[in-house]
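Here's a quick briefing for anyone opening this structure for the first time. Take a look, then read on.

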Amino acid sequence: MTQPIELYYWPTPNGWKVTIALEEMGLPYEIKPVNIGLGEQFEPDFLKISPNNRMPAIVDPDGPDGQPISIFESGAILQYLARKTGQFYGSNPREQAAVEEWLFWQMGGLGPMCGQAHHFRTYAKKVEPDESKLEYGKNRYTNEVHRLYGVIERALEDRDYLAGDFYSIADMAAWPWILPEGQGQDLDEFPRLKAWVERVGAREAVKTGRRVGKDLFKPLDEDSEDMKKARAVLFGQRAKP
């Protein structure tokens, strides 16, 4: 029996990408919680497999040469798992190129911009009490997320999924980041995107992957002392020698 993949995880959109993929691909895995609010991502043992101090990361005991391999960055993890299983990566070079285009678009655009929109709309005001100082960032990233939603809307004009008529790791990467309420968006403006969100979200593996670690989640915008400490850990990071 294949040994389970170790998934270093916390319930965030980047973490959900990987749990969804593992569920879709039918791979056994074991959750290794990394509490980012307590700074566990800075532990030396975790740094060895994730030099960027970010989760998710995986350790596959059954690597390409039969030896363990560790991988960080959610996009790289999705590519590795798709190649390992031969699933959700397209069936020819043209389809694979399309998957990679949309995967990298998510990694370089949708994810970071949605994250910034969440930050300025929800979390930043817990750190900076003068909301007038946050207005530019809030508007900048809210508008950029609106533009990116429009990119998906146009792409879905002639297809059911991001890379074409087939479901792929590109959809798994993008779907967890479509959180319109926290990003100041209205999905009714984007009917094709809304239908895609529902289409992907109806998959049983997506439902299961999205629920992983639900009991670990705590709202970061709470005013509790624990959440104040968590915000200090997450939003005050500088390089460490």
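Which residue lies over the face of Tyr141? That's Arg140, at 5.4 Å from the ring centre; a charge counts as sitting over a ring if NZ of Lys or CZ of Arg is within 6 Å of the ring centre and within 35 degrees of the ring normal. Keep in mind that this is a predicted model, where local features need pLDDT of at least 70, side-chain atom pairs count only at pLDDT 80 or more, and totals for chains, interfaces and linings use all residues. Residues are numbered from 1 along each chain as its sequence is written, and side-chain values use heavy atoms, leaving out hydrogens and water.

**Charge over ring**
- Arg210 has its charged end over the ring of Trp16, 3.5 Å from the centre.

**Aromatic pairs**
- Six aromatic pairs turn up across the whole structure; rings of Phe, Tyr and Trp (its six-membered ring) pair if their centres lie within 6.5 Å.
- Tyr8 and Phe46 have ring centres 6.0 Å apart and planes at 45°, so they form a tilted pair (under 30 degrees is stacked, over 60 edge-to-face, the rest tilted).
- Both Tyr8 and Phe46 are buried, meaning under 20% relative accessible area (1.4 Å probe, protein chains only).
- Phe88, Tyr161 and Tyr167 are linked into a cluster by ring pairs.

**Around Thr12**
- Thr12 is buried too, with a relative accessible area of 17%.
- Leaving aside neighbours within four places in sequence, Thr12 is in contact (heavy atoms within 4.5 Å) with Ile36 and Met55.

Technical notes. Buried means under 20% relative accessible area, exposed over 50%, partly exposed in between (1.4 Å probe, protein chains only).
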